Amino acid sequence: MARREPLPGLPDQAGDGLNEFPVGLAPPTTGHLGHRQRARDRFLKVGGEVMEDYELLELALHILLPRRDTKPLAKQLLARFGSFSAVFAAPPERLAEISGLGETTIANLKVLQAVGQRFGRDKLRNDRPILGSWSELIEYCHGQMAFENIEQFRILFLDKKNRLIADEVQQRGTVDHTPVYTREVIKRTLELSSTAIILVHNHPSGDPSPSAADVQMTRAIVDVAKPLGITVHDHIIIGKSGHASLRGLKLI
């Protein structure tokens with residue numbers, strides 16, 4: 001028997017099937033379709049900034065699940081993960097626990113997350129000194145790291161005019177520790193001909209307060225970098241609801 005081909009634009013994975021509608025995720029009725037059109041019209045009229053999180057998430061899910069009423073799913077995801085950003089940052093295995101999310105939909109959610117992160121990165125690559133757009137820098141770092149469930153240590157490499165050369169994750173660790181090697185940080189900085197760096201890491205606990213180990217590690221990098229003409233502008237720690245700057249706290 002010939003394999004049934006999915007309709008164009010519709011997913012064809014377990015949990016994402018055309019005829020599978022788990023409890024609470026029934027196929028949209030005429031009323032739902034009208035609601036969907038009104039939601040799109042409102043987005044085009046007022047933009048995403050004024051929309052509630054569940055409304056914007058519902059619109060995103062419309063794209064991924066075009067044959068379903070996605071409002072209940074949007075609210076369920078927000079209740080489970082706590083925020084709009086946390087939904088997209090959730091590990092695939094956690095998303096798979098949600099009834100109605102199959103492999104294809106989960107993969108597409110992660111694609112949308114990557115698109116948003118790339119957009120944020122490119123906003124920093126606009127030939128302006130990165131230190132002149134501090135709020136954009138913090139917003140970018142928050143979007144990249146705040147909802148990761150393990151620690152990661154990244155470096156923003158800058159040129160002589162403090163413009164972004166590269167943004168690289170150097171290490172990934174555990175829920176409360178990331179090994180950082182001063183030699184590797186300096187080696188990579190020299191390879192990129194970078195003259196200044198900003199260190200960034202996240203605290204999955206949500207509290208961005210620097211630990212004694214964070215301060216010690218940062219000072220060790222500063223001590224090695226300075227004689228080589230490399231400036232360490234800051235070490236930023238990202239939490240779910242805020243950030244800490246070691247430079248701002250006068251710890252370096």
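**Terms and basis**

Angles between axes count as roughly parallel under 35 degrees, roughly antiparallel over 145, roughly perpendicular from 65 to 115, and oblique for the rest. Helices are DSSP runs (H or I, at least four residues), numbered from the N terminus.

The model is predicted, with local features needing pLDDT of at least 70 and side-chain atom pairs counting only at pLDDT 80 or more. Residues are numbered from 1 along each chain as its sequence is written, and side-chain values use heavy atoms, with hydrogens and water left out.

**Helix 8 and helix 9**

Helix 8 (residues 182–191) and helix 9 (residues 212–225) have axes that cross at roughly 45 degrees and come within 10 Å; axes are lines fitted to C-alpha atoms over the stretch in contact, with angles running from 0 to 180 degrees between N-to-C directions. The two helices are therefore oblique to each other.

Their crossing is right-handed, that is, the near helix is turned clockwise from the far one by less than a right angle. In contact (heavy atoms within 4.5 Å), Thr182, Val185 and Ile186 of helix 8 meet Ala220, Ile221, Val224 and Ala225 of helix 9. Six of these residues are nonpolar, one is polar and none is charged.

**Helix 2 and helix 3**

The axes of helix 2 (residues 53–64) and helix 3 (residues 71–81) lie 8 Å apart, at an angle of about 120 degrees. This pair is therefore oblique as well, and the crossing is right-handed.

From helix 2, Asp53, Tyr54, Leu57, Glu58 and Leu61 meet Lys71, Leu73, Ala74, Lys75, Leu77 and Leu78 of helix 3. By class, this contact has seven nonpolar, four charged and no polar residues; Asp, Glu, Lys and Arg count as charged, Ala, Val, Leu, Ile, Met, Phe, Trp, Tyr, Cys and Pro as nonpolar, and the others, Gly among them, as polar.
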